[in-house]
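Here is a guided walk through one protein model. Keep the sequence and the 3D view side by side as you read.

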Amino acid sequence: MPYILFYGLYMLRLVCVSDTHGLHHQLDIPDGDVLIHAGDLTRHGELAELRNLNDWLGTQPHAHKIVIAGNHDRICEEVPDMMQTILSHATYLCDESFQIGAYSFFGTPWTPGSGGWAFSRSLNALSYYRAQIPDTTNVLITHGAPLGWLDQNARGEPLGDPTLARAVQSLRPQVHVFGHIHESYGQLEVDGITFINASSCTADYRPINRPIVIDLS
């Protein structure tokens with residue numbers, strides 16, 4: 001089993017990153033059971049960038065690697081049927097669940113917007129995607145941030161998705177991992193839900209934010 005034993009309890013250690021934008025080789029990745037990447041795998045959305053990431057994932061020792069796409073990852077939306085083949089060293093999720101022991105993971109890439117970016121949709125369309133998230137989800141992985149939690153830009157303006165915020169409040173997963181808003185990197189616990197903005201890059205694309213580690217029990 002990929003679990004660690006801690007004071008007599010089995011735990012699953014998650015190592016969370018996001019928004020690496022092709023700079024994954026510059027990260028110092030801690031050990032853990034599940035390596036999660038919450039999107040923006042690439043800078044320019046090109047196939048070569050994705051293959052480079054997959055090679056790097058193959059060098060990581062984690063028993064499971066879970067990956068979703070982000071708004072920069074144009075190639076992932078263009079050829080969705082190829083993603084699991086290209087990302088052969090990970091489990092690629094696009095509105096899908098993945099079970100590890102007693103824990104259910106759900107990954108979805110969509111963010112608010114229109115035109116020019118991958119996986120960007122209107123708020124009306126996003127409401128449809130949010131309704132597809134199972135209520136059995138323990139760990140929710142999205143690219144975008146929910147409105148009101150770790151979603152502010154450098155000017156303090158909230159940029160999160162209200163449809164996602166409503167879904168999280170209704171479903172109440174144990175952990176919600178996301179990125180997208182580089183300036184709000186960090187971790188926050190509210191009413192029993194742990195919110196993790198795992199953006200690895202800063203607003204000026206320096207990959208200096210450390211992976212965030214959390215244990216599930």
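Start at Arg172, which counts as partly exposed because its relative accessibility is 43%. Buried means under 20% relative accessible area, exposed over 50%, and partly exposed in between, using a 1.4 Å probe and protein chains only. This is a predicted model, in which local features need pLDDT of at least 70, side-chain atom pairs count only at pLDDT 80 or more, and totals for chains, interfaces and linings use all residues. Residues are numbered from 1 along each chain as its sequence is written, and side-chain values use heavy atoms, with hydrogens and water left out.

Arg172 sits in the loop between α5 and β11. Helices (H or I, at least four residues) and strands (E, at least two) are DSSP runs, numbered from the N terminus. The phi of Arg172 is near 55°, a positive value in a residue other than glycine. Most residues other than glycine have a negative phi. Asp40 also has a positive phi, near 55°. Asp40 is found in the loop between β3 (34-37) and α1. Is Asp40 buried or exposed? Asp40 is buried, because its relative accessible area is 2%.

Helix α5 spans residues 162-171. Its buried residues are Thr163, Leu164, Ala165, Ala167 and Val168. What do the buried residues of α5 pack against? They pack against α4, β10, β11 (175-178) and β13 (193-197). Contact here means heavy atoms within 4.5 Å.

Strand β10 covers residues 139-142, and Val139 belongs to it. Val139 is buried, because its relative accessible area is 0%. Leave aside its neighbours within four places in sequence. Val139 is then in contact with Leu14, Ile36, Ser104, Phe105, Phe106, Val175, Val177 and Leu216. Val139 and Ile193 are 54 residues apart in sequence, yet their C-alpha atoms are 9.9 Å apart in space.

Next come the nonpolar cores. In soluble globular proteins, nonpolar side chains tend to be buried together. A nonpolar core is a set of buried Ala, Val, Leu, Ile, Met, Phe, Trp, Tyr and Cys residues joined through side-chain atoms within 4.5 Å. The largest one has 24 residues. Those with the most contacts inside it are Leu50, Leu57, Cys76, Leu87 and Tyr92. At least two residues of this core come from each of β2 (9-17), α1 (47-57), α2 (74-78), α3 (83-86) and α4 (123-130). Which element gives the most? It is α1, with four residues.

A second, separate core has 21 residues, and Val139 is one of them. Leu93, Tyr103 and Ile141 are also included.

Turn to the cysteines. A disulfide is a pair of cysteine sulfur atoms within 2.5 Å. How many disulfides does this rule give? The count comes to zero. Cys16 is in no disulfide, and the nearest cysteine sulfur, that of Cys201, is 16 Å away. Cys16 is buried, because its relative accessible area is 1%. Cys201 is buried too, because its relative accessibility is 0%.

Ala198 counts as buried because its relative accessibility is 1%. Pro207 counts as buried because its relative accessibility is 15%.

Finish at the largest pocket. On a 1 Å grid over the protein atoms alone, where a 1.4 Å probe fits, a pocket is an open set of points with protein on both sides within 12 Å along at least five of seven lines; lining residues have an atom within 4 Å of a point. About 320 Å³ of space lies in this pocket. Grid points are joined across faces, edges and corners, and the volume is the space filled by probe spheres set on the points. Of its 17 lining residues, the closest to the centre are Leu159, His180, Ile181, His182 and Glu183.
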